[in-house]
Amino acid sequence: MKRQRILDQDLQRVLNEVHEVYADLSLRPTQRNCVRVKECCHFKLTGRTPYLTKGEALVAAKALRATGRTQLPENPTGACPLLDSASGNCLIYESRPFGCRTHFCAAAGGPYARREVIDLIRRLEAIDVDVAGSGPRLLQNAITDALANSSGGP
Ligand code: SF4
């Protein structure tokens, strides 16, 4: 399906709104602490892949472009394509999607319950509607489309 290309002036606003959601999440009182075990990045092992709203995908696409890449890398291990095979680190950690920020592994305290962050989920959903998204989509598909349907700017 051909997806609507987002205008640069709208893109900056959307990027800001999504980053505000991430910042508000980081202010939540929590017993959890990501210690970068990266277990959650190995989708084939966990059987779980994050789903992204369009705003999150646009943020991830911009961060990936900032690494000099214009396409989602391949990851033959079945891990997240954003898990760099050379360094073993997330290529976009500071811009990682909401699911990566809330699905803590057992070592990090366990995942957030949906009810704990439902207000933030609603904000991401509202942004998705605002940019003519089609709801949360599989990480690989959402970011591939975001790379294709937004420019490198602003
Ligand atoms: S986006 Fe980054 S943090 Fe999230 S699963 Fe992929 S490599 Fe891990």
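What follows is a list of things to select, with a note on what you'll find at each stop.

**Before you click**

You're looking at a predicted model, where local features need pLDDT of at least 70, side-chain atom pairs count only at pLDDT 80 or more, and totals for chains, interfaces and linings use all residues. Residues are numbered from 1 along each chain as its sequence is written.

**Stop 1: the core**

Select Ala-57, Leu-58, Ala-60, Ala-61, Ile-143 and Ala-146. Of the 30 residues in the largest nonpolar core, these touch the most other members. A nonpolar core here is a set of buried Ala, Val, Leu, Ile, Met, Phe, Trp, Tyr and Cys residues joined through C-beta atoms within 7 Å. Buried takes 20 or more other C-beta atoms within 10 Å of a residue's own, exposed takes 12 or fewer, and partly exposed is in between, with C-beta atoms placed from the backbone.

Now colour helix H1 (8-26), helix H3 (54-65), helix H5 (118-130) and helix H6 (139-149), each of which supplies at least two residues of this core. H3 gives the most, with 7 residues. Helices (H or I, at least four residues) and strands (E, at least two) are DSSP runs, numbered from the N terminus.

Zoom in on Ala-61. Leaving aside neighbours within four places in sequence, Ala-61 is in contact with Ile-143, Ala-146, Leu-147 and Ser-150. In contact means that the C-beta atoms of the two residues, placed from the backbone, lie within 7 Å.

**Stop 2: helix H6**

Which residues of H6 are buried? Pick out Leu-139, Ala-142, Ile-143, Asp-145, Ala-146 and Leu-147. The buried residues of H6 pack against strand S1 (51-52), H3 and strand S2 (137-138).

**Stop 3**

Start with H1 and H5. Their axes come within 10 Å and cross at roughly 175°, so the two helices are roughly antiparallel to each other. Axes are lines fitted to C-alpha atoms, for helices over the stretch in contact, and angles run from 0 to 180 degrees between N-to-C directions. Angles under 35 degrees count as roughly parallel, over 145 as roughly antiparallel, 65 to 115 as roughly perpendicular and the rest as oblique.

To see the contact, show Val-14, Glu-17, Val-18, Val-21, Asp-24 and Leu-25 of H1 with Leu-120, Arg-123, Leu-124 and Ile-127 of H5. That contact divides into 7 nonpolar, no polar and 3 charged residues. In this scheme Ala, Val, Leu, Ile, Met, Phe, Trp, Tyr, Cys and Pro count as nonpolar, Asp, Glu, Lys and Arg as charged, and the others, Gly among them, as polar.

Next, H1 and H3: the axes come within 9 Å and cross at roughly 100°, which makes H1 and H3 roughly perpendicular. Leu-11, Val-14, Leu-15, Glu-17, Val-18 and His-19 in H1 meet Gly-55, Glu-56, Leu-58, Val-59 and Lys-62 in H3. By class, this contact has 6 nonpolar, 2 polar and 3 charged residues.

Finally, take H3 and H5, whose axes come within 7 Å and cross at roughly 85°. H3 and H5 are roughly perpendicular, too. Look for Lys-54, Gly-55 and Glu-56 in H3 meeting Leu-124, Ile-127 and Asp-128 in H5.

**Stop 4: the ligand**

Select the ligand and show Cys-40, Cys-41, Pro-50, Cys-80, Leu-82, Leu-83, Cys-90, Ile-92, Arg-96, Pro-97 and Cys-100, which surround it (the cut-off is a C-beta atom, placed from the backbone, within 6 Å of the molecule). This shell has 10 nonpolar, no polar and 1 charged residues.

Then click Gly-99, in helix H4 (residues 98-102). Gly-99 touches Pro-50 and Tyr-51, not counting residues up to four places away in sequence. With 19 other C-beta atoms within 10 Å, Gly-99 is partly exposed.

**Stop 5: two ends of the chain**

Ile-6 is in the segment before H1. Is Ile-6 buried or exposed? Ile-6 has 20 other C-beta atoms within 10 Å, so it is buried. Beyond four places in sequence, Ile-6 touches Leu-11, Leu-58, Val-131, Asn-149 and Ser-150.

Ala-132 sits in the loop between H5 and S2, and is exposed, with 10 other C-beta atoms within 10 Å. Check its backbone as well: Ala-132 has a positive phi of about 60° although it is not a glycine. Most residues other than glycine have a negative phi.
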